[in-house]
Amino acid sequence: MRKEQVIENVMKSGLIVVVRAQSAEEAYRITDACLEGGVKLIEITFTVKGAHHVIEELSKKYDEKDLILGAGTVMDEQTARTAILSGAQYIIAPHLDLPTVTMCHRYRVVAMPGCMTPREIAMATEAGVDIVKIFPGEVLGTQFIKAVKGPMPYLNLVVNGGVDENNAKDWIKAGACGVGVGGNITKYAKIGEYKKITATAKQILDSIREAKEELNG
């Protein structure tokens, strides 16, 4: 899938599920449950043991029209390259690392570095980042999104941290184009309640869709 198509899917869906699983098997089951709930964008974090193998196996199992895989917690350019060669179509990090952004550009893969200040956001944009991850969301709050988009209304922002089924809509209405949700969806895997993962993912998707419809009038 071309980089532009990945960006389009992020903007359209508005939800990336962040998978921090205890094992590869759990990551596969979480992914299946999310897909059943209508999720298309899954981020496999490099806190998962053998994350690049998980990405590789999932990219073989699913067609990209059904699942767009990304890699998360990518701390450096070497890890980014490993993830990309394993099949990741977007790279997400908790911080802004310019060599990692350059690596993504080299392979024409979407980079979503984490930023916490207007200066970091501006630096990411100047480096050619198409979507900036605002992190940690629970610390910054929705007012931060509104404030930043005042002088920089052209920004594409995805929020991660503290997002759940109760507030996802608020982030979209504040100006985010999407949200990343991890533990508030995947926590049910710990008790084997995969149907709750499906239900929660669907609820968040519906909430985002409703918010986007309200904004579009």
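**View 1. S86 sits in helix α4 of this predicted model.** Helices here are DSSP runs of H or I with at least four residues, strands are E runs of at least two, and both are numbered from the N terminus. With a relative accessibility of 11%, S86 counts as buried (buried is under 20% relative accessible area, exposed is over 50%, and partly exposed is in between, using a 1.4 Å probe and protein chains only). Leaving aside residues up to four places away in sequence, S86 touches H52, I55, E56 and S59; touching, or contact, means heavy atoms within 4.5 Å. Residues are numbered from 1 along each chain as its sequence is written. Local features need pLDDT of at least 70 and side-chain atom pairs pLDDT 80 or more, totals for chains, interfaces and linings use all residues, and side-chain values use heavy atoms, with hydrogens and water left out.

**View 2. Helices α3 and α4 pack against each other at an angle of about 20°.** Their axes are 8 Å apart; axes are lines fitted to C-alpha atoms, for helices over the stretch in contact, and angles run from 0 to 180 degrees between N-to-C directions. That makes α3 roughly parallel to α4 (under 35 degrees is roughly parallel, over 145 roughly antiparallel, 65 to 115 roughly perpendicular, and the rest oblique). The crossing of α3 past α4 is right-handed, meaning that the near helix is turned clockwise from the far one by less than a right angle, with anticlockwise being left-handed. On the α3 side you'll find H52, I55, E56 and S59, which meet T82, A83 and S86 of α4. Sorted by class, this contact has two nonpolar, four polar and one charged residues (Ala, Val, Leu, Ile, Met, Phe, Trp, Tyr, Cys and Pro are nonpolar; Asp, Glu, Lys and Arg are charged; the others, Gly among them, are polar).

**View 3. Helix α3 (residues 51-61) has A51, V54, I55 and L58 buried.** These four cover an arc of only 100° around the axis, so they end up on the same side of α3; the arc is taken from the directions from the helix axis to the C-beta atoms. The partners that the buried residues of α3 pack against are α2 (24-36), β2 (41-45), β3 (68-72) and α4 (77-86).

**View 4. V54 of helix α3 is buried, with a relative accessible area of 1%.** Not counting residues up to four places away in sequence, V54 touches A24, A27, Y28, I44, V48 and K49. V54 and S86 are 32 residues apart along the chain, and 8.7 Å separates their C-alpha atoms.

**View 5. Helices α2 and α3 cross at roughly 40°, with axes that come within 10 Å.** The two helices are therefore oblique to each other. α2 makes a right-handed crossing as it passes α3. From α2, the contact takes A24, A27, Y28, T31 and D32, while α3 supplies H53, V54, E57, L58 and K61. Those contact residues split into five nonpolar, two polar and three charged.

View 6. Most residues other than glycine have a negative phi, and most peptide bonds are trans. T73, in the loop between β3 and α4, isn't a glycine but has a positive phi near 55°. R108, another residue that isn't a glycine, has a positive phi of about 50°. Look for R108 in the loop between α5 (98-106) and β5 (110-112), where R108 is partly exposed at 46% relative accessible area.
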